[in-house]
There are 2 protein chains.
Amino acid sequence: MRIGDIARQAGVSTRALRYYEERGLLAPDRTHSGQRTYPGSAVERVRLIQQLLTAGLPSRTIRKLLPFIEAGQGSPDAFELLAAERDRITATMADLAATRDALDRMIEIAHHPTPEHCPALREPPWAPYTDVADDGAAALEPAAPTSEPSN
Amino acid sequence: MRIGDIARQAGVSTRALRYYEERGLLAPDRTHSGQRTYPGSAVERVRLIQQLLTAGLPSRTIRKLLPFIEAGQGSPDAFELLAAERDRITATMADLAATRDALDRMIEIAHHPTPEHCPALREPPWAPYTDVADDGAAALEPAAPTSEPSN
DNA sequence: CTTGCCCTTGACGTCAACGTCAACTTTTAC
DNA sequence: GTAAAAGTTGACGTTGACGTCAAGGGCAAG
């Protein structure tokens with residue numbers, strides 16, 4: 001298959017495919033005239049690359065992982081690499097969950113017409129990390145009537 | 001508080017604080033000589049900004065959100081904006097979960113010394129989207145008969 | 001043969017969130 | 001009073017994953 005076929009079936013641009021090759025993630029054959037020729041399995045491979053990139057793995061890491069993944073087995077090094085990336089993703093998910101929950105709390109508060117009698121306001125939804133406490137008075141600064149960020 | 005104090009307590013660089021100001025996320029006062037002066041609440045604000053940035057929200061979006069968050073209540077527009085970002089984060093989390101599960105399957109397979117009798121190989125862990133099916137034979141690349149751990 | 005589409009390499013542009021450096025002024029410490 | 005530390009603006013550099021031309025080569029159809 002030629003580069004355009006792979007691009008269409010995998011849902012990426014031809015530029016992306018050439019970029020992946022440049023980064024060592026793909027190694028297509030060439031026809032006599034120099035055109036790239038991919039096996040059908042390249043479609044799956046490109047989708048995997050895309051998924052890993054979307055998950056935040058840099059192409060350098062993907063390059064290290066791909067041989068083991070394609071082989072279906074790996075050395076202890078491969079295992080550690082895979083596990084490390086899995087843990088990184090898990091940590092990112094936890095971060096996202098915390099932020100999403102904070103947004104949920106903000107949304108709930110935004111639904112209350114008069115937030116005065118809303119007990120949730122005691123725990124500000126936008127302060128997930130409470131470890132500073134060096135100046136309790138300053139933390140409750142009376143909201144100065146300074147102009148809000150213009151927009 | 002001056003810029004260095006905020007930076008230390010919030011765990012960011014002074015450059016980042018000036019950048020946030022440039023993007024309209026912060027609006028510190030100035031002393032007579034031109035130095036920035038922040039209220040103590042800026043520490044929390046900066047941490048929230050950091051959290052949202054880490055969650056993938058661009059500063060432009062954060063700029064729109066911050067007034068509503070600080071006010072503790074908002075218009076229907078604010079609600080929609082907050083909900084949209086929450087949904088975006090949830091979608092990202094689902095993506096990450098799928099990738100993490102794929103990595104987990106790869107790890108499990110990598111643990112099997114002889115993957116021949118491993119039924120998990122029937123469903124390749126690196127092909128989460130199965131809708132191509134143009135060449136099933138090529139998908140089961142014949143692994144080298146030598147079970148030597150490469151590398 | 002020529003039209004049109006696909007392909008090639010090469011090189012520069014983009015965008016976000018800062019890092020880094022320069023040149024200078026203000027504040028703080030001794 | 002002097003030096004170090006911290007602050008200021010301005011401007012350019014970085015990184016990753018591509019987008020976007022530019023200038024040409026290859027090839028089936030009419």
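How do the residues of the surface near DNA strand D divide into nonpolar, polar and charged? They divide into seven nonpolar, six polar and seven charged. Here Ala, Val, Leu, Ile, Met, Phe, Trp, Tyr, Cys and Pro count as nonpolar, Asp, Glu, Lys and Arg as charged, and the others, Gly among them, as polar. A residue is near a strand if one of its heavy atoms lies within 4 Å of it.

This is a predicted model, in which local features need pLDDT of at least 70, side-chain atom pairs count only at pLDDT 80 or more, and totals for chains, interfaces and linings use all residues. Residues are numbered from 1 along each chain as its sequence is written, chains are lettered from A and ligands numbered from 1 in the order in which they are written, and side-chain values use heavy atoms, with hydrogens and water left out.

**DNA strand D**

- Around DNA strand D there are 20 residues, and Ser13(A), Tyr20(A), Leu53(A), Gly4(B) and Arg36(B) come nearest. Of the atoms of DNA strand D that come within 4 Å of the protein, 71% belong to sugar and phosphate.
- An N or O atom in the side chain of Arg36(B) sits 2.6 Å from a phosphate oxygen of DNA strand D. For the side chain of Arg18(B), the distance to a phosphate oxygen is 3.0 Å.
- Gly4(B) uses a polar backbone atom, 2.8 Å from a phosphate oxygen of DNA strand D.
- Elements that give two or more residues to this surface are α2 (14-22), α3 (41-54) and α4 (59-71) of chain A, with α1 (3-10) and α2 (14-22) of chain B. Helices are DSSP runs (H or I, at least four residues), as are strands (E, at least two), numbered from the N terminus.
- α2(A) gives the largest share, four residues.

**DNA strand C**

- DNA strand C is surrounded by 23 residues, the closest being Gly4(A), Arg18(A), Arg36(A), Ser13(B) and Leu53(B). Sugar and phosphate make up 77% of its atoms that come within 4 Å of the protein.
- Phosphate oxygens of DNA strand C lie 3.1 Å from a side-chain N or O atom of Arg30(A), 3.0 Å from one of Ser33(B) and 3.3 Å from one of Tyr19(B).
- The largest share of this surface, four residues, comes from α2(B).
- Seven nonpolar, eight polar and eight charged residues form the surface near DNA strand C.

**Core and a buried glutamate**

- The largest nonpolar core has 66 residues. Such a core is a set of buried Ala, Val, Leu, Ile, Met, Phe, Trp, Tyr and Cys residues joined through side-chain atoms within 4.5 Å.
- Beyond four places in sequence, Leu17(A) is in contact (heavy atoms within 4.5 Å) with residues including Ile3(A), Leu26(A), Tyr38(A) and Val46(A).
- Glu85(A) belongs to helix α5 (residues 76-111) of chain A. Glu85(A) counts as buried because its relative accessible area is 10%; buried means under 20%, exposed over 50%, partly exposed in between (1.4 Å probe, protein chains only).
- Glu85(A) touches Leu57(A), Thr61(A), Leu65(A) and Leu103(B), leaving out residues up to four places away in sequence.

**Confidence**

- Chain A averages a pLDDT (the predictor's confidence in each residue, from 0 to 100) of 80, and 72% of the residues score at least 70.
- Among the elements of chain A, α2(A) has the highest mean pLDDT (97) and helix α6 (residues 136-139) the lowest (35).
- Residues 128-151 of chain A stay under 50.

Definitions and conventions: Polar contact = N/O pair within 3.5 Å; in protein donor to acceptor, adjacent residues only side chain to side chain.
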